[in-house]
Amino acid sequence: MRVLVSVDMEGIAGVVDRDDISPGHGEYERNRKLLTAEASAAVRGVHAYEADAQVLVTEAHAAFRNLLPELLDRRAELLRGDPKPDGMMAGLAPDVDAILFIGYHGKAGTARSVMSHTISGGVIADVRCDGRSLGELGLNTALAAHSGVPAVLVSGDDTVAAEAADVAPGMHAVVVKRALGARAAALLHPDEACERIEAAVPKALADREAVRALRFDGPVLLEVEVLRPHMTERALLVPGIERMDGRTLRYAAPDFPAAYRVAELIAMLGGI
C-alpha cells in the first residue's frame with residue numbers, strides 16, 4: 001500500500017491565529033512541533049493498518065517548509081520545498097492507494113471557521129469549477145479523484161469536517177477543534193488530537209472503497225474571484241484567461257488538473 005499524507009497548518013490543534021502559523025513568531029516555532037506530531041500520528045495510523053506501507057508526507061502550507069524533518073516518523077518520505085509539482089498534492093500518482101488530509105481548514109467565506117481561506121487568503125475570494133464553489137479540500141479531493149485515488153480522511157475543525165461530507169461523502173473526519181469564530185476555537189489537547197488521528201486512520205483506509213468524492217471528467221469551466229480588481233491584471237497575460245467582471249477571471253480548462261493549476265497560478269500572480 002502507498003499512502004499520501006497532505007499536511008496543512010491552519011487546522012491543527014492549538015492554532016487559531018495568523019501568528020501561530022507565520023515564520024518569525026514564537027508561536028509558529030511551537031506549532032511546527034505540533035504539526036509534525038499530527039503528521040507522525042497519521043503515519044503511525046497507516047502502518048497500524050499495513051506494516052509495510054509506503055507513506056509520502058507532502059507539505060501543504062505556505063512555502064512548504066514547516067514540518068521538522070528530524071521529528072517526523074522516520075518511516076515516511078517527506079516532500080518539502082516550493083515549488084513542487086501540484087503544490088499541496090505533490091506525490092499524487094495513480095499508484096497511490098489513498099490520501100489523508102491533516103491540519104486542513106474551511107474554504108474562503110465559510111462562517112465561523114478558523115482561518116478559512118482558499119489557496120491564498122490575501123488574494124482569492126472564491127474558486128468555482130463548473131459553477132461549484134470549492135475550497136482547498138474540495139479542489140484537492142477532486143484532483144485525487146481524477147487520478148483514481150480516494151481521499152479517505154481529513155483532520156481540522158468542525159467546519160472542514162462538514163465540508164468533507166459535502167465534497168466526499170464517506171470521507172472520515174477527525175475534529176481536533178470546534179470553531180468559535182475566525183480566530184477562536186475550543187481545542188483538544190495536542191496529545192489527544194494525535195491519538196484520535198492515529199486511531200481514525202486505519203478505519204478510514206479500511207473504508208476507502210466507500211468514499212464518493214466529487215469528480216470532474218472532461219473540460220472544466222474555471223472561475224476565480226479575487227479580492228481586488230488589480231489582482232486580475234497579471235493573470236490576463238496568460239493565454240485563455242478572460243476577465244468576466246472587475247474581480248472574476250474565467251478559464252476554459254481542457255480537464256480538471258489544468259483548472260487546478262491555473263487556479264494556483266492566478267493566486268500566485270494576484271499576490272505579486
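Colleague: By about how many helical turns are F256 and Y260 separated in helix α5?

Modeller: This is a predicted model, where local features need pLDDT of at least 70, side-chain atom pairs count only at pLDDT 80 or more, and totals for chains, interfaces and linings use all residues. Residues are numbered from 1 along each chain as its sequence is written, and side-chain values use heavy atoms, without hydrogens and water. Helices (H or I, at least four residues) and strands (E, at least two) are DSSP runs numbered from the N terminus. F256 and Y260 are four residues apart in α5 (residues 256–270), so the separation is about one helical turn.

Colleague: How many aromatic pairs does the structure hold?

Modeller: Rings of Phe, Tyr and Trp (its six-membered ring) pair if their centres lie within 6.5 Å; planes under 30 degrees apart count as stacked, over 60 as edge-to-face and the rest as tilted. The number of aromatic pairs in the structure is three.

Colleague: Are F101 and Y104 buried or exposed?

Modeller: Buried means under 20% relative accessible area, exposed over 50%, and partly exposed in between (1.4 Å probe, protein chains only). By that rule F101 and Y104 are both buried.

Colleague: Why is the pair of F256 and Y260 tilted, and at what angle are the planes?

Modeller: The ring centres of F256 and Y260 are 6.5 Å apart. The pair is tilted because of the angle between the two planes, 55 degrees.

Colleague: Which residue touched by D86 is a tyrosine?

Modeller: D86 lies in the loop between β3 and β4 and is buried, with a relative accessible area of 19%. Contact means heavy atoms within 4.5 Å. Leaving aside residues up to four places away in sequence, D86 touches L143, R261, E264 and Y260.

Colleague: Which strands stand at the edges of the seven-strand sheet?

Modeller: Two strands pair if DSSP finds at least two bridges between them. The open sheet has the order β3-β2-β1-β4-β7-β8-β9, with mixed pairing. Two strands each have a single partner, so one side of each is left without a neighbour in the sheet: β3 (76–79) and β9 (184–187).

Colleague: In β4, what is the bridge partner of V3?

Modeller: Strand β1 (residues 2–7) pairs with strand β4 (residues 98–104) in the parallel sense, over five bridges. In β4, V3 has as its bridge partner A98.

Colleague: At about what angle does helix α1 run to β4?

Modeller: Axes are lines fitted to C-alpha atoms, for helices over the stretch in contact, and angles run from 0 to 180 degrees between N-to-C directions. Helix α1 (residues 26–49) lies across β1, β2 (54–59), β3, β4 and β7 (151–157). Its angle to β4 is about 155 degrees.

Colleague: Which strands stand at the edges of the five-strand sheet?

Modeller: This open sheet has the order β6-β5-β10-β12-β11, and its pairing is antiparallel. Each edge strand has a single partner, so one side is left without a neighbour in the sheet; the two are β6 (132–133) and β11.

Colleague: How many residues lie between β11 and β12 in their hairpin?

Modeller: Strand β11 (residues 241–245) runs antiparallel to β12, joined by four bridges. Between the two strands of the hairpin, the number of residues is two.

Colleague: At about what angle does α5 run to β10?

Modeller: Strand β10 (residues 220–226) is joined to β12 (residues 248–253) by six bridges, and the two run antiparallel. Helix α5 lies across β5 (124–129), β10, β11 and β12. Its angle to β10 is about 15 degrees.

Colleague: How many disulfides does the structure hold?

Modeller: A disulfide is a pair of cysteine sulfur atoms within 2.5 Å. C129 is buried at 1% relative accessible area, and C194 is buried at 9%. The number of disulfides in the structure is zero.
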